[in-house]
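I opened this notebook to record, entry by entry, what I looked up in the model shown below.

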Amino acid sequence: TSDALPPVGFLRWNRCGSEECACGGTAACIGHVFVASSWRRQGVAELLLTTFCEEAAIAGFKQSCLSVEPWNIGARTLYAKHGYRPSCDKAQSAAVCGPSLASQGGSDPPSETLVRALSPPDLSQRDSVL
């Protein structure tokens with residue numbers, strides 16, 4: 001980052017607040033990942049996700065969870081590449097880890113909750129910290 005340049009993306013997270021989630025409410029829950037349109041498909045989201053998972057593991061979290069819309073193929077592909085897998089049945093998914101606004105009304109299928117186990121990174125192989 002630089003003081004002269006605006007951020008190109010962000011990842012917002014919190015401790016999962018739902019005991020109904022497969023993590024039991026103890027995971028580092030990703031609430032939103034955003035990358036500016038001119039920076040997409042350049043590895044920014046992957047770097048954000050990798051760094052988040054490393055930092056969450058260092059902070060003592062054993063799992064990370066997130067909700068993803070069924071139509072968001074790009075996000076689903078990225079999350080699967082990073083080890084996220086479905087955590088519970090689809091009927092429960094809208095109720096855990098903060099349902100999306102799109103799934104709260106209308107006929108869209110509910111978002112799905114994905115979970116990934118975290119393990120501390122090998123810090124000797126780490127080049128830099130964001």
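In which sense do β3 and β5 pair, and over how many bridges? I found that β3 and β5 pair in the antiparallel sense, over six bridges; I took helices (H or I, at least four residues) and strands (E, at least two) as DSSP runs, numbered from the N terminus, and two strands as paired if DSSP finds at least two bridges between them. Within this pair I noted that S67 has T113 in β5 as its bridge partner.

Before going on I wrote down that this is a predicted model, in which local features need pLDDT of at least 70 and side-chain atom pairs count only at pLDDT 80 or more, while totals for chains, interfaces and linings use all residues. Residues are numbered from 1 along each chain as its sequence is written, and side-chain values use heavy atoms, with hydrogens and water left out.

Next I followed the other strand pairs. Strand β1 (residues 9–15) and β2 run antiparallel and are joined by seven bridges, and I saw R12 standing opposite H32 in β2. β2 and β3, by contrast, pair in the parallel sense over three bridges, with C65 in β3 as the bridge partner of C29. The chain passes from β2 through α1 to β3 in a right-handed β-α-β crossover, where right-handed means that, with the strands pointing away from the viewer, the path from the first strand over the helix to the second runs clockwise.

I then turned to A75, which lies in helix α2 (residues 73–81). Is A75 buried or exposed? A75 counts as buried because its relative accessibility is 14%, the cut-offs being under 20% relative accessible area for buried, over 50% for exposed and partly exposed in between (1.4 Å probe, protein chains only). I also noted that A75 and A45 are 30 residues apart in sequence and 9.2 Å apart in space, C-alpha to C-alpha.

The buried residues of α2 are A75, L78 and Y79. They cover an arc of only 95° around the axis, so they sit on the same side of α2, the arc being that of the directions from the helix axis to the C-beta atoms. On the other side of α2 I found I73, T77 and K81 exposed. The buried residues of α2 pack against β2 (28–35), α1 (44–58), β3 (63–68) and β5 (112–117), with contact meaning heavy atoms within 4.5 Å.

Last, I noted that α2 is followed by G83, whose phi is positive, near 90°.
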